[in-house]
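Visitor: I would like to learn how to read a structure like this one. Please take me through it feature by feature.

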Amino acid sequence: MQLGIRLHDLADGPLPQRIADARAQGFTCGQLAPARFLPAYPSDAALTPGLAFYLKRLFWDAGIDIAVLGCY
């Protein structure tokens with residue numbers, strides 16, 4: 001069984017730190033809401049292949065799966 005967390009519910013900090021904190025707390029998956037982490041998030045058009053690869057790499061390196069990609 002995998003347990004996850006909404007990354008924006010963790011202590012304030014940059015996304016890489018929140019991902020590391022989630023892993024340190026024993027979570028193996030998380031919800032990513034881009035508008036909560038990208039201050040200049042203008043629209044879904046900001047979700048480029050380059051950003052997707054960067055996010056994939058951050059999560060992969062920490063051993064965390066992106067269970068939900070959500071928007072608020």
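Guide: Take Leu 69, which is found in strand E3 (residues 65–69). Helices (H or I, at least four residues) and strands (E, at least two) are DSSP runs, numbered from the N terminus.

Visitor: Before we go on, what kind of model is this, and how are residues numbered?

Guide: This is a predicted model: local features need pLDDT of at least 70, side-chain atom pairs count only at pLDDT 80 or more, and totals for chains, interfaces and linings use all residues. Residues are numbered from 1 along each chain as its sequence is written, and side-chain values use heavy atoms, with hydrogens and water left out.

Visitor: Is Leu 69 buried or exposed?

Guide: Start with the cut-offs. Buried means under 20% relative accessible area, exposed over 50%, and partly exposed in between (1.4 Å probe, protein chains only). Leu 69 counts as exposed because its relative accessibility is 54%.

Visitor: Which residues is Leu 69 in contact with?

Guide: Contact means heavy atoms within 4.5 Å. Leaving aside neighbours within four places in sequence, Leu 69 is in contact with Leu 32 and Pro 34. Leu 69 and Gly 30 are 39 residues apart in sequence, and their C-alpha atoms are 8.8 Å apart in space.

Visitor: What about Ala 67?

Guide: Ala 67 is also found in strand E3. With a relative accessible area of 52%, Ala 67 is exposed. Ala 67 is in contact with Cys 29 and Gly 30, leaving aside its neighbours within four places in sequence.

Visitor: Now a helix. Which residues of helix H1 are buried?

Guide: The general idea comes first. An α-helix has 3.6 residues a turn, so residues three or four places apart point the same way. In helix H1 (residues 15–24), the buried residues are Leu 15, Arg 18, Ile 19 and Ala 22. Seen down the axis of H1, these buried residues fall within an arc of 100 degrees, so they line one face of the helix. The arc is that of the directions from the helix axis to the C-beta atoms.

Visitor: What covers the buried residues of H1?

Guide: The cover includes strand E1 (4–6), strand E2 (29–32), helix H2 (34–37) and helix H3 (49–62). Just after H1, Gly 26 takes a positive phi of about 95 degrees.

Visitor: Arg 18 is a charged residue in that list. What is its relative accessibility, and what does Arg 18 touch?

Guide: Arg 18 has 7% relative accessibility, so Arg 18 counts as buried. Not counting residues up to four places away in sequence, Arg 18 touches Leu 7, His 8, Leu 10, Ala 11, Asp 12, Gly 13 and Phe 37.

Visitor: Which residues show the partly exposed class?

Guide: Two examples will do. Ala 35, in helix H2, is partly exposed at a relative accessible area of 35%. The C-alpha atoms of Ala 35 and Gly 70 are separated by 8.9 Å, though the two are 35 residues apart along the chain. Gly 4, in strand E1, is partly exposed at 41%. Gly 4 touches Phe 27 and Cys 29, not counting residues up to four places away in sequence.

Visitor: Let us step back. What is the pattern along the sequence?

Guide: The protein comes to three helices and three strands. The pattern reads β-α-β-α-α-β. Residues 24 or more positions apart account for 70% of the contacts with a separation of 6 or more.

Visitor: How does the radius of gyration compare with a compact globule?

Guide: The radius is taken over C-alpha atoms, and the globule rule is 2.2 Å times the number of residues to the power 0.38. For 72 residues the rule gives a value near 11 Å; the protein has 12 Å, which agrees. The C-alpha trace spans about 35 × 20 × 20 Å along its principal axes. Of the 72 residues, 32% count as buried.
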